[in-house]
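Notes below, in the order I looked things up.

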Amino acid sequence: MTCIAAITDGVRVVMGGDSAGVDGEMDLSLNGPKVFEREGYLVGYADKYRAGQLVLSDDFLWPDPPLHPDARWASKALTGWLRACFSKGGWLRTADGRETSDANFLVGVAGKLFRITPTFAVHEAEEYAAIGCGAKYALGSFASTEGQPLQERVTTALRAAEKHCAGVQHPFTILTTWSESTPGAGDASSPSRHRGDGGGE
């Protein structure tokens, strides 16, 4: 289930997610968000609902990011924080001698976009990324919408994933955040929000 799609221009990060959930053979529409903001971070998760609940919890304070975060920082500070979060929440697992969260994450902060795998490998996206069962459709959509506004590209990517993947379902939640160094961007810890239904604008 799920499609989380995100894009950055180096200043803004726009991230969107669907509302599908699966319980056995039943398709569900989740009330809780799959994308959310915490202390200047945009976060989206796929695969394991419990992992997302822990990250969303107010019990854990996110690390203060540097002004210019990079993959080296994310692979140490950010994954270290996630490991501690999952360990305290009883969710950190060991498989074949490796720690795993059984979940994929997209994290946007200070104009940068990172994908974090279940084994805590970090990949910094040059422009866009997607996770979940609808990811390949979202990535294909991103490749075809170059030059369009970022939020429009995310919305189109989610609609493409919904059209071609049974595990993706509107309504969509789309959030935007800016680098703190952007003049006139306002408070980067207060992203703009958009709720889409998957239909026309």
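This is a predicted model: local features need pLDDT of at least 70, side-chain atom pairs count only at pLDDT 80 or more; totals for chains, interfaces and linings use all residues.

**Entry 1: Asp 18**

I found Asp 18 in the loop between β2 (12-17) and β3 (20-23). Strands here are DSSP runs of E, at least two residues, and helices are runs of H or I, at least four, numbered from the N terminus. Residues are numbered from 1 along each chain as its sequence is written, and side-chain values use heavy atoms, with hydrogens and water left out.

Is Asp 18 buried or exposed? Asp 18 counts as buried because its relative accessibility is 4% (buried is under 20% relative accessible area, exposed over 50%, partly exposed in between, with a 1.4 Å probe and protein chains only).

I then looked at what its side chain reaches. A polar atom of the Asp 18 side chain lies 3.0 Å from the backbone nitrogen of Cys 3, and the Asp 18 side chain also reaches the backbone nitrogen of Gln 169 at 3.1 Å.

**Entry 2: Lys 34**

Lys 34 sits in the loop between β4 (26-29) and β5 (35-38). With a relative accessible area of 3%, Lys 34 is buried.

Its side chain makes a polar contact with the side chain of Thr 2 at 2.9 Å (a pair of N or O atoms within 3.5 Å; within protein, one must be able to donate a hydrogen and the other to accept it, and residues adjacent in sequence count only if both atoms are side-chain atoms). The Lys 34 side chain reaches the backbone oxygen of Ala 20 at 2.4 Å.

**Entry 3: Val 154 and the helix pair**

I located Val 154 in helix α4 (residues 150-164). Val 154 is buried, at 0% relative accessible area. Leaving aside neighbours within four places in sequence, I see Val 154 in contact (heavy atoms within 4.5 Å) with residues including Ala 5, Ile 7 and Phe 142.

Which residues of α3 meet α4? They are Tyr 137, Ala 138, Ser 141 and Phe 142, and Val 154 is among their partners in α4.

Helix α3 (residues 135-144) packs against α4 at about 140 degrees, with the axes 8 Å apart.

Methods: Axes are lines fitted to C-alpha atoms, for helices over the stretch in contact, and angles run from 0 to 180 degrees between N-to-C directions.
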